[in-house]
Every structure is written in C-alpha cells, then in structure tokens.
Amino acid sequence: MRTFQDMVLALHRFWRDQGCAIVEPYDLEKGAGTFNPATFFGVLGPRPWRVAYVEPSRRPADGRYGENPIRFGLHHQYQVILKPPPADVQDLYLRSLEAIGLDLREHDVKFSHDDWESPTLGAWGVGWQVWLDGMEITQFTYFQQMGGVDLDPPSVELTYGLERIALFLQGVESAFDLRWAEWLTYGELFRERERQFSVYHFEQADVERARQMFDFHEAEAKECLDRGLVFPAYDHTLRCSHLFNTLDARGALATAERESYIARVRALARGCAEAYLAEVIGAPVSPRDRP
Amino acid sequence: MPLFLLEIGLEDLPAEEAEAVAQAFREAFVRELEAARVPHGQVRLLWTLRRLALLVEDLAEKQEDVVEEVRGPAVSVGLDPQGNLTPAALGFLRRYGGAPQDLVRRPVGEKEYLFLRVRRPGRPTAEILREIVPRALSAVPCSKFMRWDGGMAFLRPIRWVVALLDGDVVPLELAGVRAGRLSYGHRFFGSAVELGHAGDYVGALRAAKVLVDPEERARLLREAIAGVEREHGARAALSPELWTMLLGQTEWPRPVVGRIPSEFLELPEPVVVAALREEGKFVPLTRGGRIAEVFLGFAEGEGNPEVIRRGYERVVGIRLRDARSFFEEDRKLPLSARVPALKGVVYEARLGTLWDRVERLRQICAHLARLFGLPLEPLDRAALLCKADLLTVMVREFPELEGVMGGIYARLDGEGAEVARAIAEHVRPRTREDSLPESPLGVALSLADKLDGVIGPIRVGEIPTGSRDPYGVRRRGSAVVRLILEKGLRFDLFALVEEVADLYPGTEPVARVKAFLWDRLRSALEERAIPYDIVDAVMAQEDGDFLGVWERAQALRAWAGRPELPALALAFGRVRNILKGQEAQGFDPALFREDAEKDLWHAYQRVKPQVEGALAAHRYSEALEALASLKAPIDRYFDEVLVMCEDGRVRANRLGFLRELSELFLRVADLSRLVVPG
C-alpha cells in the first residue's frame, strides 16, 4: 500500500463489502471517532447498524510540537461499528488488515486485554488493544454501555490508528515521512499544524475564555435538551468535551475540578442518549433499515 | 474407562487473568462432577488465552446408583391380617418395580409403614455433562463480565466447544454453541483440527502450533530467558506480574531479542525497566544495577523474526523517548516545589487530601524518630516530600515507579542521600512478596505510611470484611507487622496508635484499630509456621510489643521438643484451672501454713527477678528456663495444699498468691493453652 489514502480507500472497500455504510467524519472537534453521532447514537437501541468512517481525532494533551514520530494532537482514526457483533468478528478484523496489504504471517499479532472507557461519554466496553509487533494499532471494543445506557445488543467498535498502521505499510519510522498521496507527505500536511496547536494548547489557550465557552455550551446543550432538540444538544456536548480537553492540556484543572468537569460532560451525554432513545427511536424500526 | 475432553474456545482472554479463570473453571467442574456422583480419575487442566480445556481420565460412564427407601402404605393398609400384601401394597411395588422381599417396616410417628428399598440407577455421564458444564462455567468468577450476543455473560465470547468422550461427541451446548470435534489451532500458523479421540488433543494441537499445556509453555519461556541471560551475561528483571502476562499472552511463544538504542541507556534503570515491562510487553535485562543493551520479547507464532525485532525496537524506542521527555519535564520543577499542590489532590473524601496525609505521616514520624532514636530532621524532610512524585508525569504514566521516582528526583534535587533513599523505599513492601526497606529512615517512613493506611480507613469505618477490602487495609496491616517482625522494631505499637488516633477523622473506636493489628499479627505468626497452640499461648494477653510476642513464640517453639515443657504446661494448667471464676487478689505471706506453700513462695521469690530480668533483656528462653524451675514446687503445692479450704481467709490468701504467680507466667505465655501429649 503505497499511500495513506490508498490504505483508507482499501478499508472503505473492505467494510463496504461487509455491509457498512461509509459515512463521513463529523464536522466538530472530537477526541475520538466514538464521538461521531454515527457511533454515539447508532449503538443505542435495538436497530442493527454497520458504519465505517475516518475520523480526525483531537487530543490536545497528546500534542508533541510535531517532534514525536507517532504522537500528535490530531490523529486519524478509522472507525467501524458492527451491531450486533458477528461471531467471526476477530477474523473479519484480521482480514481487513490483510486487505490493506499486511501479511500477518510475517508479524507478531496479539490481542492484548484493554478495556475501554470514556468517562465523559458515560461509555465503557471490554476488549483489546491489537498489537502488531508490539505496537498498538487498533482498539477493539465490545461496547457495553453508552451515555450511561446499557446496550442491547452490544456493538463492536474497531478503531484503527491509521498513522501507526501506515508506518508498517510504508516502512518508515516517522509518521511525518508517510506519503499521503504520491506527491504529498504527511509531514507537509500536518507538521506545522501540530507545532502550532501544541503551542496553542500548552501555552496559549486562554483558560478563562475556555471556561466561559464551556459554560456557554453547557447552558446551550441543556436548553436544547429541554426542547427535545437532541442533535443540537449533542453538538454542544461535543464542544464542551473538547473545551474540557483544552483546559486539561493547559494544566488548568486541579484533580477535584477535573472530576467535576468530566461529570458535567457526562451528564449532558447521558441526557442526549436518554432523549434519543425516548424521542427518536421510540418508533419501531422498519425491516428495510436492516443492513 | 473413557477419557473426556472438554475444550472451550474463546476470544482472547486477558493474559493476566487467564490462568486464574482456568483454575477456577477446573475447580467448579470437579465440584459439579462430585456433586453429581460421577467417579473420575485425574482432571488435567490445559489452557491458553484462547481456550480452557480439561482432560478427565477414567470418567465413569454413568453416575453411581443411589439406594434409597421410599415410603409406601401404612402397614395396616398394606398387609391383611394374615400378613399378605394387599392390592395397595402390590400397586406400590409395581410402581417402583420392587419385589416383596425388598419391603421393610418402619415406624413413622405413631404408625408403622411399609418402605421399599429402591435402587435409582445412575444416569449416563454424557447426560450429566450437558447439565454440569454450563453450570461450572457460570460459577467462574471473572473480573468483569461482558455480553456479546445478548445471551450468556462471561469474560470473553465463547466461539467453539469440543466435548469428546473417547471418540464420541457429547452433545452439550454452551452459550448457544454446540459441542463438536472441531478445534482450532494457531490463528495464523495452525488450522482447524478435527479430533478423532479425546486422547489426541495435546498432540494434535501441538501439530497445529498451540502449546495447550501451560507447563510446556513455561518451560519454553524459562529456557529462552536463561539462554539470553547466559549469552549476554545479564539478569532478566522479571516480576510476578510480568511472568503471568508472558505465560498468558501466547499459544506458541517464540523469543525475539532486540536492542535498546544507546541514547536511552542513560535513563534511570527503573524507568527503562518499567517502560519495557509495561503491559507485559518485554523482559528487561540488567547487568550490575544498570540496564543491559538488549531486551527480550515473545512473539506469538512463527512470524519473521527480523521484521518482528525491528517492530519491537521501534516500539521500545518510542516509549523510551516518551519516558525521556517525561523525565525532562519533571526535572523542570524540584519535588519540594510540588508539595503545595498536594493540597489539591483528594486522597479519600473523608481522609482529606494528599497534603493531609503527608501532615499525618510527619506526625507519626515524629513519634517514630523518638521511639527508634532516629534524626528527626531528615525523616521529617522525607515524609514531607514522599508523596510529591505522585504529581510527576513519570509516575502518572508508570504508576509502579511511585516512590522510586521520588527517590531519584530527590537525589537530583540535592536532597540528602538518606532522605532520597527513605522516599524511594517508603512504598515497600507493595505486595506480600516485595522486599522491605533497608535504611532506618526508609523503614520508619514505610511504617508510618502503612500505619496511616490502616488507621485512616478503619477510623472512618472501612473495615475489611471477607474478600472486600477496597482500601487494601489488610495488605498494609500485614506490612506493618512484617516491618516490626523482620526489622526487629521494639516499641509499643498500641501506645503509638493511641497517641496518633486523634489525627484522624471518624468515630470508630481506637480499639478496632488495635484489634485489627492484633489479628494481623496472629496471621503473621501462623504464616511463619508457629503452631496454633503456641500462637494462642503467646497471644493470650494483648501486648503492643509485637516483636516481643514474636520472640516469645519463637522461644516457645524452640522449647516445644523439650520434655520439661509438657510437664510445666500441665503444672501451670493446674494454677489456671483453680483460678477460673475466682476474683481473689492480694495475699499475705504470713498466712502461709503448709510447707509446700512456703516452698513455692520461696521459689517464686527467687524466680520472679530472674523472669523479669530475662523479659527486660528480651531473652525469652531464659525466662522459660526460670519458670520451669517452678514446676516441681507447683506440683508439690497441688499435691499437698488444699487451696479451696474451709477457712475463707486462708482460701482467699492462697488464691491471691496463685493469681500473682499466674501473672508472672502470663507475661511469657499462657502455657495452659499448649496442646500436650498424654
């Protein structure tokens, strides 16, 4: 697989053939593909659901000024949701790695226990980090709860760390040396961006304004929820979540305060999940919606 | 008799839990088998992270029969006056297929009834297995249960089941999966394996690149580790956790040796060890207290070793680069500058912040400095700084480096060597197996730390019960006892607990704390193979000098083989017995009349200072020696003196004297608790 984009296209084809809807990244800052409404809402309720998409994911605290070969303030996740999980889900995942050109018989592949939890989303699941020659390339999770709601049926979430997998495919040591397209490197696209956002998140972001913005979006989310506007409420929840991450990266939160911010975001996420179940999928699911 | 194979195929179990789950499953299965009265031979446990398997030898083909008596009609109804069976009795016999000679008469209450001895034939084992296998699996405790298709909950999804009695499939079902004869070999290097016979299991799986026998894997790992140690003249830095992970991680382990980029060899050794061991990934090697330039990993299966080695080295490089940046980040601020921020970190809602905890440690340390004659200033400094490393990036990323990093940073900050060492050592022992601090200040700070972790939770009502001990109070209590016993700390623990009790919020009485520590001491003595009667004897009276209790136990154990001891124990038993339920206190030697009485009094006067001298010098064997010389006078006393005589004054005087004599013995041990032969 010569380029980053070829790898993405191959994953799109593979998961399309498995009945996934290939949806687009969501247009708000978020820490992981899990926050995309196609996952957050898709895994709720009984309706079968299969989607796949790329999600640029922002984790301000992981920024390294563009100086670390595999750590970034923004990285690219490839996200797959399979609901309910098929019995051969592990094999399916491994076949997707082969589809992008990894010969697994050359490597050391381990499914290493790692239970996933998102305190801000009120979500948790059990599963693994998949290690390829010791490097985590995928988070593989059986979701058990989302927005504080028990999931029935459960979903499997696959989150591929695209930069890391590309290192193997392209045989380079630093993500900035990856070819995105034949004529364009990852470094050209993102290195300066990484540097600037690290400066911003670690040194520049105005803590007081970030706190205020958090408060505004929280208030807005609550009012939307009061009016049954689940999706706008969720957008504001996402903004709160990102502002919390910004404050955290800035080192502005003492432990107790940090807990209270997490609890505030979680309360919003929970409100969204419950409102969605009550108001949006109170209606029966029609058979033609099934994948 | 047939061989039974059960294999449960799973999605990858957590490596750290696989063995425990496998063992729990074996136990539950054997328990069920026995409850179902199915005779069996050895039950061999085989497991990897993808399968739990049992091989049951000589499994009986059916349950044992049961003979039981069934009640039939009353005798008056079942037999006619001539003693012949009535139609009612014949009907009863027909129903159970019994014969007249199997009938017996038994009274029930006022009446007599006919009973039939009925043999209930055992059901076929295959049928029993269908019931007990799912039950046994449900009985396995898991750290966390998951659902994968809405049905059964277990640690990980169940994907295939093999159940063979010799060559025949046992038609059982587990979590919706029907058992068959098809197993699966290694994920990439094996294939599906059709098993013709249960006995083929281990060999067929080995051919499919799976070592199902954990012993076989352990041997392979050990040999590989020893080989690398030899080749590079280094020692593997294994830990129990790492070993569990290694054993659980692979079905077909294959060693791969990588090199650490030299730029990282300058990092502190514990940091590199922690980074390599993280998540059970790699085995670090050390040489003379420094990290060696090679490390060892175990690949799953037979991948390309060159490719894998490069991958391993890349991961190690990335993680060590992280570690170096954490180190550089942390060094921007001295430990002492982090201390005020401890006020912002909640330790426990009721017990306050980490700063509150540090304040308590300093208070306890002040007492310990006085008790052990240690310099207060450096001990107080170490107590002040010892929790500051919890605020460093390194400890947040590698929690196992708590304390260790504090020590390293303190040294680099220019704190005194003994201060740095005490900080590094104060977290030990982390586990039962962990070593104790070595420096005197480290011992004192560790003792303060563990004691705080016992007194605090107990005072606010977090007393461990059964397997529930969220605050690790038991582990800390045991650490307190270990420190005292193994470091030879002579002081009154109970007095110390009293003195610091007011530092803690909460309303649980201090007596709870003391009783808890006393109980930990009992466990410690039992773990050190002190027979229970000796434990009872030396713990008959509460005593805050735990070291003294331990030494008295050892003295008594050393005496256990000597012929004097049983006789002395019996003699003292006579003293204890006669004092039971008696209140008498005090005596006047002038009232002694009998020779034997005076004789014992003189002996006592001679022995008492000897015993007290020996006790003061903590020479407990000597104290026993002195007490032993009282054996003959005591025996004579009881042979010749009637303690419970008519004259109340004389009787009270005698009892008062025996009371004092008894007190002297009890300061060494309540010998009457010893189990003596005869």
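Residues are numbered from 1 along each chain as its sequence is written, and chains are lettered from A in the order in which they are written. Local features need pLDDT of at least 70 and side-chain atom pairs count only at pLDDT 80 or more, whereas totals for chains, interfaces and linings use all residues.

**Exercise 1. Describe the overall form of chain B from its radius of gyration, its box and its buried residues.**

Solution. A compact globule of 678 residues would come near 26 Å, but chain B has 35 Å. Next, take the principal axes, along which the C-alpha atoms of chain B fill a box of roughly 105 × 90 × 45 Å. Finally, buried residues (20 or more other C-beta atoms within 10 Å of the residue's own, C-beta atoms being placed from the backbone) make up 38% of the 678 residues in chain B.

**Exercise 2. Work out how domain 1 of chain B meets domain 3 of chain B.**

Solution. First locate the parts, whose bounds come from an automatic or database domain assignment: domain 1 of chain B covers 4–62 + 124–207, and domain 3 covers 214–330. Their centres, taken over C-alpha atoms, are separated by 33 Å. Then count contacts (C-beta atoms, placed from the backbone, within 7 Å), which join eleven residues of domain 1 of chain B to eleven residues of domain 3 of chain B. On the domain 1 side, the elements that give two or more residues are helix H1 (15–35) and strand E2 (43–48) of chain B, these being DSSP runs numbered from the N terminus (helices H or I, at least four residues; strands E, at least two). H1(B) gives the most to this side, with four residues.

**Exercise 3. Characterise helix H16 of chain B by its span and its burial.**

Solution. As to burial, 19 of the 20 residues of H16(B) are buried, so the helix is largely enclosed by the rest of the structure. H16(B) is followed by B:Gly461, whose phi is positive, near 95 degrees.

**Exercise 4. Decide where the prediction of chain A calls for caution.**

Solution. Start from pLDDT, the predictor's confidence in each residue, from 0 to 100: the mean for chain A is 93, and 96% of its residues reach 70 or more. Over residues 283–291 of chain A, however, the pLDDT is below 50, and beyond near neighbours in sequence this stretch has seven contacts in the model. Where pLDDT is low, the predicted coordinates should not be read in detail.

Note on methods
Two residues are in contact if their C-beta atoms, placed from the backbone, lie within 7 Å. The expected span of a helix is 1.5 Å times one less than its number of residues. A residue is buried if 20 or more other C-beta atoms lie within 10 Å of its own, exposed if 12 or fewer, and partly exposed in between; C-beta atoms are placed from the backbone. The radius of gyration is taken over C-alpha atoms; the globule rule is 2.2 Å times the number of residues to the power 0.38.
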